[in-house]
Amino acid sequence: MAKNTICLWYDKDAEAAARFYSETFPDSAVLAVHRAPSDYPAGREGDVLTVEFTVAGVTCLGLNGGAAFKHNEAFSFQIATDDQAETDRYWDAIVGNGGQESACGWCKDKWGVSWQITPRALTEALAAGGDEAKRAFEAMMDMRKIDVAAIEAARRG
């Protein structure tokens, strides 16, 4: 196990979530599935208790802890994309698999985990500062999924 691992609490679907992430994002994998050695408040002996996995190179542990805690936007994965096709692919995978759209490049997967699908064109526009950044930011504020061409057009003025 890595020195620092993100632990994500799931009701009961940590393995399904980890498998979805590993199929969706490069440099992602399910590394191990551990079963409960005895009954616990959210499950029975033999149920999947934890899943070790990576998401785009980030080490994670999924814990099937029951319904006590829900995911929220205070934590999100931010995935940098190189172009509109990659942005569309990740957005469509998350939203199209039972997830939901939000604003400004944010969406949630069907387990409630928040994702920011962020084209590098947007990050670069905001980092440029000044009027370029302001125009790109204002364009982004009206978007759900980020439209790279619209960000680039706003940046140019």
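**Close-up 1. The side chain of S28 and the backbone of A56 in the predicted model.** A polar atom of the S28 side chain lies 2.7 Å from the backbone nitrogen of A56. S28 belongs to the loop between helix 1 (14-24) and strand 2 (29-35). Its relative accessibility is 14%, so S28 counts as buried, the limit for that class being under 20%. Leaving aside residues up to four places away in sequence, S28 touches Y21, S22, T54, V55 and A56. The view therefore shows S28 as a buried loop residue whose side chain has a polar atom 2.7 Å from the backbone nitrogen of A56.

Close-up 2. Strands of a sheet pair through backbone hydrogen bonds, in either a parallel or an antiparallel sense. Strand 3 (residues 48-55) and strand 4 (residues 58-64) pair in the antiparallel sense, with 6 bridges. V51 has G62 in strand 4 as its bridge partner.

**Close-up 3. Strand 5 and its pairing with strand 8.** Strand 5 (residues 76-81) has a covered face made up of F77, I79 and T81. The uncovered face of strand 5 holds S76, Q78 and A80. Strand 5 pairs with strand 8 (residues 114-119) in the parallel sense, over 6 bridges. F77, from the covered face, has W115 in strand 8 as its bridge partner.

Close-up 4. R19 counts as partly exposed, at 37% relative accessibility. E15 is also partly exposed, with a relative accessible area of 22%.

**Close-up 5. A salt bridge between R120 and D82.** The closest N and O atoms of R120 and D82 are 2.6 Å apart. R120 lies in helix 3 (residues 120-128), while D82 is in the loop between strand 5 and helix 2 (84-96), so the pair ties together parts that are 38 residues apart in sequence. R120 counts as partly exposed, with a relative accessibility of 41%. D82 is exposed, its relative accessible area being 55%.

**Close-up 6. A salt bridge between R144 and E101.** The side chains of R144 and E101 meet with an N to O distance of 3.9 Å. This pair links distant parts of the chain, 43 residues apart. R144 is in the loop between helix 4 (130-140) and helix 5 (148-156), and E101 is in strand 6 (residues 100-101). At 46% relative accessibility, R144 is classed as partly exposed. E101 is likewise partly exposed, at 39% relative accessibility.

**Close-up 7. Packing of helix 4 against helix 5.** The axes of helix 4 and helix 5 are 7 Å apart, and the two helices pack at an angle of about 145°. The crossing of helix 4 past helix 5 is right-handed. On the helix 4 side, the residues in contact are E132, R135, A136, A139 and M140. They meet I151, A154, R155 and R156 of helix 5.

**Close-up 8. A67 in the loop between strand 4 and strand 5.** A67 has a relative accessibility of 47% and counts as partly exposed. D88 is 21 residues from A67 in sequence. In space, the C-alpha atoms of A67 and D88 are 31 Å apart.

How values were computed. Residues numbered from 1 in each chain as written. Predicted model: local features only at pLDDT ≥ 70, side-chain atom pairs only at ≥ 80, totals over all residues. Heavy atoms only, no water. Helix = DSSP H or I, 4+ residues; strand = E, 2+ residues; numbered from the N terminus. Buried < 20%, exposed > 50% of the residue type's maximum accessible area, 1.4 Å probe, protein only. Polar contact = N/O pair within 3.5 Å; in protein donor to acceptor, adjacent residues only side chain to side chain. Contact = heavy atoms within 4.5 Å. Pairing = 2+ DSSP bridges. Salt bridge = Lys/Arg side-chain N within 4 Å of Asp/Glu carboxyl O. Axes fitted to C-alpha atoms, helices over the stretch in contact; angles between N-to-C directions. Left-handed = near helix turned anticlockwise from the far one by under 90°.
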